[in-house]
Amino acid sequence: MDYIIFDLEWSRNVRHVIPACPDEIIQIGAVKYDKNLNYKGSFNRFIKTGVYDKVDNRVAHITGITKEHLMRFGIPFMQAFREFKAFMGRDCVLMSWGPQDIQVLRINAQYYNKDIKLNFMQKFADLQRYAARQLHADEKQQLGLKTAADLCEIPYEEETLHDAHVDAEISGEVFVRIFDKKNFSEIIYNAADSFKEKGKTMKPDGAQFILTCPDCAVPLKNKSSWFRHAGAHQFFSFLRCNRCKRDVFAVIEMFPGKGKRIHYKRRLRFVDKIKNINKICE
C-alpha cells in the first residue's frame with residue numbers, strides 16, 4: 001500500500017458563483033511514499049479554466065497562477081484527473097492538509113462526470129488533524145502547514161508556498177516525520193460515503209450564520225439566502241454591511257469532530273456590488 005499526499009489550488013468567481021462547482025481546481029500537486037515511507041515520486045498538473053472564465057485576482061496574487069499561465073501550461077481537468085488517478089495506483093491511502101481539498105476534488109470530479117466512481121476516496125486521512133495530534137498542537141486551532149514544518153524542523157522557502165506541488169512535498173515530509181503505524185489507521189475513513197453518512201446528523205447551528213463585518217464588527221445583513229453545495233457541508237451567501245456600505249461574500253464549512261461535535265470554518269471577503277444576486281443558483 002502506498003501513501004499519497006496531495007494538495008490543490010483553486011479559484012472561483014464570487015460575482016457569478018456556480019453552486020455545482022463553486023471552487024474550480026487550477027493545480028493538483030502530490031507526492032507518493034511506499035509502505036516503508038520510501039519516496040516514490042511526485043505529481044504536478046496545471047488545469048485550464050473550464051468552469052469560470054478567469055482566475056480570481058486574489059488567488060493569482062497568492063499563488064502566482066494566472067489564466068495566461070494555465071492556457072499555456074494547463075490541461076483539461078478530466079485529463080489531469082485521469083493522470084492523477086493513475087499516479088495514485090490501485091492501493092493507497094489518500095491524504096491532504098485538512099478535509100477541504102478532498103471535498104473540492106470530489107465536487108470538481110462530479111461536476112464533469114456526475115456518474116463518476118469515488119473508489120479513489122475510500123481510504124482518506126486528514127493529515128492536518130493527525131499532525132495536530134502527533135505534535136500535541138492545540139486542537140481548537142487549525143494547525144498550519146508552516147507551523148507543522150517548523151515544529152518538524154523541515155526547511156522551506158516561504159515565497160514558494162501556496163504552490164500545490166510545493167505544499168504537497170512539505171506535507172509529505174511532515175507525514176514521514178510524524179507517522180506512527182500504531183495509531184495512523186485510526187484516522188483513515190471512507191470519504192466517498194462521508195457526506196452521505198453524516199448528512200443526517202450534521203445540521204448547522206443557526207447561530208453560526210450570524211456574522212459581523214470584518215472591518216467594523218457590525219452585524220451583517222443578508223442580501224441572499226444561504227445556499228448549500230450539493231453533496232457537501234458548505235454554505236455560502238452574500239451579505240451587506242450597512243455601515244461600510246460594502247458587500248461581503250461569506251462561506252461557512254462544517255467538519256465533524258469527536259462525538260457529535262461540529263467544527264465550523266468561516267471565510268469572509270469584500271466583493272464589488274452584485275446585481276441580480278438571487279440568480280446565482282439558476
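Student: In β3, which residue is the bridge partner of I28?

Tutor: The model is a predicted one, and the place to look is the pairing of β2 with strand β3 (residues 39-46), which runs in the antiparallel sense over 7 bridges. Within that pairing, the partner that I28 finds in β3 is R45.

Student: How many residues lie between β2 and β3 in their hairpin, and what is the phi of L37 in the turn?

Tutor: The two strands pair in the antiparallel sense, and they form a hairpin with 5 residues between them. L37 sits in that turn, where its phi is positive, at about 65°.

Student: Is strand β2 largely enclosed or largely open, and how many of its residues are buried?

Tutor: A residue counts as buried when its relative accessible area is under 20%. Strand β2 covers residues 24-33, and it is largely enclosed by the rest of the structure because the buried residues number 10 of the 10.

Student: Where is T49, and is it buried or exposed?

Tutor: T49 is placed in the loop between β3 and α1 (57-63). Neighbours within four places in sequence aside, T49 is in contact with E24, K54, V55, K67 and L70. Its relative accessible area is 17%, and because the cut-off for burial is under 20%, T49 is classed as buried.

Student: Which residues of helix α4 are buried?

Tutor: Helix α4 spans residues 100-112, and its 13 residues reach 19 Å from the first C-alpha to the last, close to the 18 Å expected at 1.5 Å a residue. The helix is mostly covered, with 10 of its 13 residues buried. Those buried residues are Q100, D101, I102, Q103, V104, L105, R106, I107, N108 and A109.

Student: With which side chain does the side chain of Y156 make a polar contact, and at what distance?

Tutor: Y156 is placed in the loop between α6 (145-151) and α7 (164-178). Not counting residues up to four places away in sequence, Y156 touches K146, A149, D150, L161 and I170. Among these, the side-chain polar contact of Y156 is with D150, at 3.1 Å.

Student: What is the relative accessible area of Y156, and how far is Y156 from D167 in space?

Tutor: Y156 is partly exposed, with a relative accessible area of 25%. Along the sequence Y156 and D167 are 11 residues apart, while in space their C-alpha atoms are separated by 9.7 Å.

Student: Where is A217, and what is its phi near?

Tutor: A217 is placed in the loop between α9 and β6.

Student: Which residues are in contact with V218, leaving aside its neighbours within four places in sequence?

Tutor: V218 is placed in the loop between α9 (191-198) and β6 (221-222). V218 and R243 are 25 residues apart in sequence, and 7.3 Å apart in space from C-alpha to C-alpha. With neighbours within four places left aside, the contacts of V218 are L211, T212, C213 and R243.

Student: Where does pLDDT stay under 50?

Tutor: The mean pLDDT of the protein chain is 86, and 86% of its residues reach 70 or more. One stretch under 50 has 13 contacts beyond four places in sequence in the model, and another has 17 such contacts. The former covers residues 195-202, and the latter covers residues 274-282.

Student: For the chain as a whole, what percentage of residues count as buried?

Tutor: The protein chain contains 9 helices and 10 strands, and it exposes about 15000 Å², of which carbon and sulfur atoms supply 47%. Of its 282 residues, the share that count as buried is 51%.

Notes. Residues are numbered from 1 along each chain as its sequence is written. This is a predicted model: local features need pLDDT of at least 70, side-chain atom pairs count only at pLDDT 80 or more; totals for chains, interfaces and linings use all residues. Side-chain values use heavy atoms; hydrogens and water are left out. Helices (H or I, at least four residues) and strands (E, at least two) are DSSP runs, numbered from the N terminus. The expected span of a helix is 1.5 Å times one less than its number of residues. Buried means under 20% relative accessible area, exposed over 50%, partly exposed in between (1.4 Å probe, protein chains only). Accessible areas come from the Shrake-Rupley method with a 1.4 Å probe; for residues, only the protein chains shown count as cover. Contact means heavy atoms within 4.5 Å. A polar contact is a pair of N or O atoms within 3.5 Å; within protein, one must be able to donate a hydrogen and the other to accept it, and residues adjacent in sequence count only if both atoms are side-chain atoms. pLDDT is the predictor's confidence in each residue, from 0 to 100. Two strands pair if DSSP finds at least two bridges between them.
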